[in-house]
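Q: I have this one open for the first time. Can you walk me through the sheets and the helix packing?

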There are 2 protein chains.
Amino acid sequence: MSSDRLTEDFNAGKPAALARVVSIVENHREGFEQILGSLHSRTGRARRIGLTGPPGAGKSTITALLVKNFRDQGLKVGVIAVDPTSPFTGGALLGDRVRMENVALDVGVFIRSMATRGSLGGLAGATREVADVLDAFGFDLLLIETVGVGQSELDVARTADSTVLVLVPESGDSIQTLKAGVMEVADVFVVNKADRPGADRLRNDVELMLGLRKGVSFGNVPAHHGVDLRRNPARAARKAAAEPDPTQWTPPVLSAVATKPEGIPELVAALDRHFAYLQQSGTLRARRRERMRERVMDVVERKVSDRLWKDSRTRAWLEEQLPSVEEGKATPFAVADQLLRQSAELVRGEQRT
Amino acid sequence: MSSDRLTEDFNAGKPAALARVVSIVENHREGFEQILGSLHSRTGRARRIGLTGPPGAGKSTITALLVKNFRDQGLKVGVIAVDPTSPFTGGALLGDRVRMENVALDVGVFIRSMATRGSLGGLAGATREVADVLDAFGFDLLLIETVGVGQSELDVARTADSTVLVLVPESGDSIQTLKAGVMEVADVFVVNKADRPGADRLRNDVELMLGLRKGVSFGNVPAHHGVDLRRNPARAARKAAAEPDPTQWTPPVLSAVATKPEGIPELVAALDRHFAYLQQSGTLRARRRERMRERVMDVVERKVSDRLWKDSRTRAWLEEQLPSVEEGKATPFAVADQLLRQSAELVRGEQRT
């Protein structure tokens, strides 16, 4: 199929073209930048909701129920699963997938599992690009499911407008198993399996932890690329104390029993409240600006890597240097400096002379 | 303290200088490249062992017992904990730390917790650099503890010569919660808490999964930067079938009850066998070559990022472009291309003209 024909079919809303474009973009196949460039002007409309939490917390069940709820409101919903434990991703061995089938047969729903390794430019970048494709295709709402332990999953969660952290009482120590970062990134907390012992204690623990940042809004603290001001709650607290913000958001701690299901309408309501807050406080605009900034910076860094490491002469030159680096005669820093001094044309995207 | 004096004290084996150098390197403070460059020729001697696994699997207890065992052999041991749930990292709320104290008071042991976020150049890069510092200081053995769910933790695990994956029966479904990548990266499996129900089944599950790659040695398949040939077991299998390798390694699946403790001498023996295999098969050399290659590539990419994003004119120029990117008038790709076209001097490390 020609690229023009593919774009035409995509713009006409054909599901096969969507699946094809997503594959091209996810795997960075030839022409993916042209495709992303051509649909760029139609992005920025979908609301993006991230769900994260430890394995087994019930994120997929909650995702499926959210899909159903939003579908009942007439919204078109895209799901991106970057959770290796999710039945969406094929990571589950135990046939959990079955319960997703009703959802998957609905034409207003598109479900995509992301490979969780080996993406050039990182998982967060690839997820953001697939989200852009779904956004441009016309989905109203995107649900992005990740596992919230690793750094890259945290980065993925941060590509969303609103982030839900799902916890369960059986991992009674689950709060301590989560990085401070994931607590700070969450806009809504859900204690799932709330009918089990320990649920009250877990909710208390979360509220206690949230109390540490009481009166402090983290959502609108701008983050620099790789340097997140949210890491410094003390500074943020001083800032907030000096400049009281009438449009603050206090993350609610909800209960749910997704298998029954219970608690989903409350979660939807909380997400709607959060989205209204994002819009009214200007945080949505700030988050999307930040997302665009990181997007461009990611593209720049990826282009540099591609241009350098796909050049066979550069690779060969690097290979020649490795023995002396191993023997301690040259340092990685000296070799890197020299490599960059001789690679200006490559970085500019020109052929080497 | 002057940089020369610091290097002198470091070379003289003073613990305070070690702690200081580790801090400078971990946080990429001024002069860290000079320091790493100056100690580079003394690296490459320490044996590096990674421990990974889900939260609560008992990795820290096993790490502490391994430290004790290696200390009893007269080896100097460095511990790098990049596990937010580890008592080493301060992530634990419940006073687990106490049990580490005996180990921590030993002068032949150095324990370092890594911040798990915000490191420029990524967690794997920072961990590798801190490991290089400990290596140069003269530690014989480095234990690197990570949580094995996220991509960055996997990357960390891969900086080691040998990687141990610790699993526990209570996460009965723990195999499905692990990415395929972490199974492939493990050289030794330990089923901890093996006196609990489900341990036999878990061991069977792991052996079943390992059976999928029976007769296939993944350890010596070279990985390209970001493109891991180990992801293609079919190709590796064909390769192995065509070229039978007498020095293959079949990952053992051990049992342990770390709290008793039981199973630690067997783990130490398995690690020693693995290290002997690494040396005899040439895999150690190949892994270290690959590590050096990635090291230089990481440094190159980090230098490019630093040079671009620390330049105030480049940041300001990018900021000016964002509105038109948001409005869909420009694409991230076009802006990135233009940025790189005008940044050749920066990338080369020169002042902008």
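**Sheets and helix packing**

A: In chain B, seven strands make an open sheet with parallel pairing, in the order 3-2-4-1-5-6-7. Strands here are DSSP runs of E with at least two residues, helices are runs of H or I with at least four, and both are numbered from the N terminus. Two strands pair if DSSP finds at least two bridges between them.

Q: Which are the edge strands of chain B?
A: Strand 3 (109-113) and strand 7 (253-255) of chain B, each of which pairs on one side only. Neighbouring strands of this sheet are turned by 20° against each other on average, with direction ignored.

Q: Before going on, what sort of model is this, and how is it numbered?
A: This is a predicted model, in which local features need pLDDT of at least 70 and side-chain atom pairs count only at pLDDT 80 or more, while totals for chains, interfaces and linings use all residues. Residues are numbered from 1 along each chain as its sequence is written, chains are lettered from A and ligands numbered from 1 in the order in which they are written, and side-chain values use heavy atoms, leaving out hydrogens and water.

Q: OK. How many bridges join strand 1 and strand 5 of chain B?
A: Four, in the parallel sense, between residues 47-52 and residues 162-167. Ile49(B) has Ser162(B) in strand 5 of chain B as its bridge partner.

Q: And what is the strand order in chain A?
A: The order is 3-2-4-1-5-6-9, again an open sheet of seven strands with parallel pairing. Strand 3 (109-113) and strand 9 (253-255) of chain A each have a single partner strand, so one side of each has no neighbour in the sheet.

Q: Which residue is opposite Gly78(A)?
A: Leu142(A), in strand 4 of chain A. Strand 2 (residues 77-81) and strand 4 (residues 141-145) of chain A pair in the parallel sense over five bridges.

Q: Switching to helices: at what angle do helix 1 and helix 2 of chain A pack?
A: About 120°, with axes 8 Å apart, for helix 1 (residues 3-11) and helix 2 (residues 15-26) of chain A. Axes are lines fitted to C-alpha atoms, for helices over the stretch in contact, and angles run from 0 to 180 degrees between N-to-C directions.

Q: Which residues make the contact?
A: Leu6(A), Asp9(A) and Phe10(A) come from helix 1 of chain A, and Ala17(A), Leu18(A), Arg20(A), Val21(A) and Ile24(A) from helix 2 of chain A. Contact means heavy atoms within 4.5 Å.
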